[in-house]
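This briefing sets out the computed features of the structure shown below. The points are grouped by topic for reference.

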Amino acid sequence: MFYIDGFRAMTLGRTLWAIIGIKLFIMFAVLKIFFFPNLLNSRFDKSEEKSAFVADQLTQKK
Amino acid sequence: MTSATTALDPSLIDWSRAQFALTAIYHWLFVPLTLGLGVIMAIMETLYVKTADPKWRRTTRFWQKIFGINFAIGVATGIILEFEFGTNWSNYSWFVGDIFGAPLAIEGIFAFFMEATFIAVMFFGWDKVSKGFHLASTWLTTVGATLSALWILVANAWMQHPVGMRFNPDTVRNEMVDFWALVFSPVAVNKFFHTVFSAWMLGAVVVIGISSWFLLKKREIPFALDSIKVSALVGLIGILLTMSTGDGSAYHVAARQPMKLAAMEGLYDGTRGAGMTALGIINYEKKYDDDKPPMFWELSFPKLLSLLATHKIDGYVPGVRDIVSGGYPAANGKTEPSMSEKIRRGKLAIAALADYRTAKKAGNADAARLAKAHLDENFAYFGYGYFNTPHDAVPNVPLVFYSFRVMVGLGIYFLLFFPLALLLVKRRRFEHLRWLQWVSLFSIPLAYIASQAGWIVAEVGRQPWAIQDILPVMAAVSNIGTGSVQLTFFIFLVLFTVLLAAELRIMTKQIQAGPETAEEEH
């Protein structure tokens, strides 16, 4: 109820929610998807593969 | 440096660090105001509930709007740091995953449930819930924000002083074995209080500065003076506790990150009864292994550094050269090995990890056991194995040195500012002193500079470590294209600058509108 009544009565809040919405859209729908994939999750499915990859990275074996 | 790390574009590390620093700096513009203003508005509402004087309701509602603007613009900006962990710092993320996972998960739960629930009551619940419940919601919003900060700072403190974990060579991850050792690590406890109290100080400066703007404009004078009374007291408590916990920080840094302390002081040659440089001009070209003077000029307090760092007037404080040479008594009473020895043992640890995994793959249990023993024996120095020379272990001394002086210098300024503001507002002099009102207004950016300088000391001072002693940034970084990091650096620069401009524009408009009248409220 607070949310519903509050949102209806908002003046300044509308601008802020618009900024929040645009910001979250840019962050999650643009930046996260196109620029910030989780490197290990995008390359490997299994934990063992991720461990092996990082171990290779850390021990300098290719 | 070993082959794979030399294969990295050196600028990749710098750009990845720059991007992380940029996002952290912008994120930290919003967080301390949330923490500091939260306490101030909660005290104002407490006064309203206790006195039933409508002036406190009006005052609270105005500062809640400023809080709301800052919260709305800043919310979720910290998530970008987590994006960067997964993409730019994937080795690090995997290596620490289990340790970071718990505090960050708790932070997410607190941030989402506590803040989202009570912030709605705080903003929308006036006259819809009882005064007591509304007040509780305001306090719980502030407590929720502070607890969110706690878990982030616990995670950060672990990177400065890794405790409560065990490295598992099968998963190549650090696994938590003692959650409470993480939470109650003296570094974490001190860092949390130091950060939160400094945020109170920043919030207080913002309130006094904006209130002074009203005084300069000769508007809302009673409202402005009431706001200054509350915030000057919060600021005074905040700065006293910030300084007290800062002393604790120096002590822990001396014990656990002596290189950071040496950089903070521009100290190359250690000594007993070391003096503390109050002001100085550092020699940018100085290296630990040359004979150039570390300072062109300095003004020092005798013995003070030893007293702060060891709590003994003649305590030994090592300089950069001593930390490289080793052989000095460490805080744990043992003789500290030389940097060359640490590098040697680090390389043994890295080789042992490789041998262990090869042996496990081949099913050779004896060889795996032997390699594991070598790894355990040398793991404390694992990260040193990525260095070629001791130069790699030295942070940017001038940047840390000057940032420390900016932080402390401004801290001393605020230690004088708050009692003066409190005294003059109590004696009804503040409203007549225009110079003080201008000083208060221009103190707002100084509070942010002090806060950011503190983080530069903490984070640049611990370089090259992502995790102290066990993972340097050169090993933590993902081997991705430098161009993509540069591109996203500039995207963030634009995004955050737009957000900051939006915050300033909306906030300025709201401040100019002033507190609501009774008619406007309804």
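The contact between the two chains of this predicted model draws 31 residues from chain A and 40 residues from chain B. On the side of chain A that touches chain B, two or more residues come from each of helix 1 (2–9), helix 2 (12–35), helix 3 (39–43) and helix 4 (47–59) of chain A.

**Contact between the chains**
- Helix 2 of chain A makes the greatest contribution to the side of chain A that touches chain B, supplying 12 residues.
- By residue class, the side of chain A that touches chain B comprises 18 nonpolar, 7 polar and 6 charged residues.
- In general, the size of an interface is often expressed as the accessible area that is lost when the parts come together.

**Chain A**
- Chain A contains 4 helices and 0 strands, and along the sequence the pattern reads α-α-α-α.
- Of the 62 residues in chain A, 19% are buried.

**Chain B: overall form**
- Chain B contains 19 helices and 8 strands.
- The radius of gyration of chain B is 25 Å, close to the 24 Å that the globule rule gives for 522 residues, so chain B is as compact as a globular protein of that length.
- Taken along the principal axes, the box filled by the C-alpha atoms of chain B is roughly 80 × 50 × 40 Å.
- Buried residues account for 48% of the 522 residues in chain B.
- Among the contacts in chain B with a separation of 6 or more, 76% join residues 24 or more positions apart.

**Chain B: helix 14**
- Helix 14 of chain B, residues 365–378, has 14 residues. From first C-alpha to last, helix 14 of chain B reaches 20 Å, close to the 20 Å expected at 1.5 Å a residue.
- Four positions are named as the buried residues of helix 14 of chain B: Ala368(B), Ala371(B), Leu375(B) and Asn378(B).
- Viewed down the axis of helix 14 of chain B, these buried residues fall within an arc of 105 degrees, so they line one face of the helix.
- An α-helix has 3.6 residues a turn, so residues three or four places apart point the same way.
- The buried residues of helix 14 of chain B pack against helix 13 (339–362) of chain B.
- Ala365(B), Asp366(B), Arg369(B) and Ala373(B) are exposed on the other side of helix 14 of chain B.

Technical notes:
Residues are numbered from 1 along each chain as its sequence is written. Chains are lettered from A and ligands numbered from 1 in the order in which they are written. This is a predicted model: local features need pLDDT of at least 70, side-chain atom pairs count only at pLDDT 80 or more; totals for chains, interfaces and linings use all residues. Two residues are in contact if their C-beta atoms, placed from the backbone, lie within 7 Å. Ala, Val, Leu, Ile, Met, Phe, Trp, Tyr, Cys and Pro count as nonpolar, Asp, Glu, Lys and Arg as charged, and the others, Gly among them, as polar. A residue is buried if 20 or more other C-beta atoms lie within 10 Å of its own, exposed if 12 or fewer, and partly exposed in between; C-beta atoms are placed from the backbone. The radius of gyration is taken over C-alpha atoms; the globule rule is 2.2 Å times the number of residues to the power 0.38. The expected span of a helix is 1.5 Å times one less than its number of residues. The arc is that of the directions from the helix axis to the C-beta atoms.
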